Amino acid sequence: QVQVAESGGGLVQAGGSLRLSCAASGTTFSYYGMGWFRQAPGKEREFVASIKWNAGDPAYADSVKDRFTISRDNDKNMVSLQMNSLKPEDTAVYYCAVDRAMLRAVAARMENDFHAWGQGTLVTVSS
């Protein structure tokens with residue numbers, strides 16, 4: 001059974017930085033892309049960033065491009081999201097998930113392309 005667990009959320013002032021981590025188990029981690037999504041209060045869950053199985057060609061939502069960086073360590077079965085220049089509108093619960101497809105040629109973006117969602121970690125950015 002594939003499982004993921006997010007960590008690293010917290011309270012930060014606008015302009016600050018946070019690093020989220022996601023540990024995966026129960027799968028051959030290096031064969032699958034990984035993604036980060038977020039859900040703000042009263043809003044639907046939205047795509048943030050994703051990375052291919054081989055760490056190539058990451059994808060980002062326009063709202064976080066040039067501020068967030070996704071990376072992965074296949075030796076440690078972990079994926080990270082470095083978030084810089086945080087804004088109050090980045091406040092949300094951040095979720096990590098595993099791509100359903102093995103060795104996908106591109107970094108997936110659609111929520112339905114992912115499974116094994118974690119419990120999420122709350123990021124609060126104060127103004």
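Q: Does arginine 104 count as buried, partly exposed or exposed, and what is its relative accessibility?

A: Buried means under 20% relative accessible area, exposed over 50%, and partly exposed in between (1.4 Å probe, protein chains only). At 23% relative accessibility, arginine 104 is therefore partly exposed. Please note that this is a predicted model, in which local features need pLDDT of at least 70, side-chain atom pairs count only at pLDDT 80 or more, and totals for chains, interfaces and linings use all residues. Residues are numbered from 1 along each chain as its sequence is written, and side-chain values use heavy atoms, with hydrogens and water left out.

Q: Which side chains does arginine 104 meet in salt bridges?

A: Side chains of opposite charge can pair when their charged atoms come close. A salt bridge is a side-chain nitrogen of Lys or Arg within 4 Å of a carboxyl oxygen of Asp or Glu. Arginine 104 meets aspartate 99 at 2.6 Å, N to O, and aspartate 113 at 3.8 Å, N to O. Aspartate 99 is buried, because its relative accessible area is 2%, whereas aspartate 113 is partly exposed at 23%. Elsewhere, salt bridges that share partners join Arg38, Glu46, Arg67 and Asp90 into one network.

Q: How many salt bridges does the structure hold?

A: The structure holds six. One of them links glutamate 46 and arginine 38 (2.7 Å, N to O). Glutamate 46 has a relative accessible area of 35%, so this residue is partly exposed; arginine 38, at 5%, is buried.

Q: Which strands does strand 3 pair with, and in what sense?

A: Strands (E, at least two residues) are DSSP runs, numbered from the N terminus, and two strands pair if DSSP finds at least two bridges between them. Strand 3 (residues 18-25) pairs with strand 1 (residues 3-7) over five bridges, in the antiparallel sense. Its pairing with strand 8 (residues 78-83) is also antiparallel, over six bridges. Within these pairings, valine 4 stands opposite alanine 24, and cysteine 22 has valine 79 as its bridge partner.

Q: Which residues have the most contacts inside the largest nonpolar core?

A: A nonpolar core is a set of buried Ala, Val, Leu, Ile, Met, Phe, Trp, Tyr and Cys residues joined through side-chain atoms within 4.5 Å. The largest one here has 37 residues, and Met34, Trp36, Leu81, Met83 and Tyr94 have the most contacts inside it. Strand 9 supplies the largest share of this core, five residues.

Conventions. Helices (H or I, at least four residues) and strands (E, at least two) are DSSP runs, numbered from the N terminus.
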